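Please keep the sequence and the structure in view while reading.

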Amino acid sequence: MYARTFGATTQGVDGLIISVEVDSANGMPSFDVVGLANAAVREAKERVRTAIKNSGLRLRQEKITVNLAPADVKKESAGLDLPIAVGLLAAQGKIPAAVLNDYVLISELSLEGKLRAVDGVLPMTVKARDEGFKKIIVAQDNINEALLVEGVEVFAPETLIELVEFFQGEFEIKPSTPQPDADTDDFIELIDDFSDVQGQFMAKRALEIAAAGGHNVLMVGVPGSGKTMLAKRVSTILPELTHEEALEVTKIYSVAGKLKRKGGLITKRPFQNPNHDASAAAIIGGGVIPKPGQVTLAHHGVLFLDELPEFKKSVLEALREPLEERQITISRVNGTLTFPSSMILICAMNPCPCGWYGDKDHTCNCSPLEIKKYTRKLSGPLLDRIDIHIRVPRVKYDELTSKRKAESSAAVRERVSAARVIQLERLKKYNLFCNAQMNHAMLQELCILTPEAEKLLKDVFEAKNLSARSYDRIIKVGRTIADLEDGAEKINSKHIAEAIKLRNDLDLDVQ
């Protein structure tokens, strides 16, 4: 007898509906799963058979064939356990097959027949709704995630036998409602704030501009100057996530398995701080079936690379595509997937291996060759993609011991949010939200310079032999400075002068 159920898996950061076809017929007893299933899915037959037995149900010893369609797409999800089990029971006449057409089933099965949570439920539910399904069955720990999608009913039985009896009309399962977060603890959360940073007014100004326009930043300074402390507070001055942005971020974390159980919508801007020994696959994304990397986990947030020259050169060069295109494309034998990576890159580094080059109060022990080797790990094309380059000096004693409270993140965020509103209005016809996303054609249309600003930029461009990319990025930063100041229609020479200073504050010997 034949039966069909519907399950789901993920493809990149999107869901994919899987048609699970089950045939149970006379013949030599066997259980075969076909349709490009990976090891986790192929092993489902053992979990399914044991879960059914331990649920008090009996299967006939028949030739069982399970086909996962579309057959040409690699499947990777233990969440296909439940649709396989239900399809098998329907094929052997224990569940009315007609009632299954309205449901998408997403859950792993334990050997005792309990439903277990899986990763990627949010994008799977979105895809199910888009394809016309109105009812989703998930494990209880996935309820909050599935309920983020409007227009669907979510059902969450505890066990397989409850679900079977529900389909048989012998047990009632009511649509689920949001569940309390079981992972909350009674503790005081320490929140980073810009007011914690004493002094460093130029660096704070640069990071405010970066947050307002979505610009990338490189900070160079001696050890202990506060680079890391500053970087960790950038996400606190970014505007609040919109609902659409929060859904995008939550989908990414769901697919990556980073969403906590019983967790719901992520409402805070991501902040990713990978270690310098991370591989290219960890930073960019990868795997046999590609998974999101750090550049994608930082989408709509901040990616902070501390001790930048200590990262492998291959990793740094791989950053070129996500910085330029704001997405990363990963190709594998099984297919090509594109992940979003619209993030602000904040980098920090010392001026030399020992850290004290250029500091008047400490002696640098590095030779010129060592300094050159250290800085040349950063290529010119990579630095060209970073809009703002600043030096972060050591904090003065008077600033460090001052009792005067520095400006709070809330006050800075207010200005940043006001500038973003101006940018949203300007860029809405292009479906963009910040100045850093503009291309050259948009700059010519939307970023008008006064004659004085045009002359200043021309003089600097010719004197310093700047690249076309540097030209564009100076104008973008100048546009952001104007938005922060008063939203002036034209960019004046003062805005361009500050943008040039922020772009050319370093003199690194790079390739």
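Buried means under 20% relative accessible area, exposed over 50%, and partly exposed in between, with a 1.4 Å probe and protein chains only. This is a predicted model, in which local features need pLDDT of at least 70 and side-chain atom pairs count only at pLDDT 80 or more, while totals for chains, interfaces and linings use all residues. Residues are numbered from 1 along each chain as its sequence is written, and side-chain values use heavy atoms, with hydrogens and water left out.

Q: Which side chain of opposite charge is nearest to R326?
A: Lys and Arg count as positive and Asp and Glu as negative, while His and the chain ends are not counted. A salt bridge is a side-chain nitrogen of Lys or Arg within 4 Å of a carboxyl oxygen of Asp or Glu. R326 is buried and has no salt bridge, and the nearest side chain of opposite charge, 6.3 Å away, is that of D387.

Q: Which side chain does R326 join in a polar contact of 3.4 Å?
A: A polar contact is a pair of N or O atoms within 3.5 Å; within protein, one must be able to donate a hydrogen and the other to accept it, and residues adjacent in sequence count only if both atoms are side-chain atoms. The side chain that meets R326 in this way, at 3.4 Å, is that of S342.

Q: With which residue does D387 form a salt bridge?
A: The closest N and O atoms of the pair are 3.1 Å apart. The partner of D387 is R473.

Q: What is the relative accessibility of K429?
A: The side chains of K429 and E445 meet in a salt bridge of 2.8 Å, N to O. E445 is partly exposed at 41%, whereas K429 counts as exposed, with a relative accessibility of 58%.
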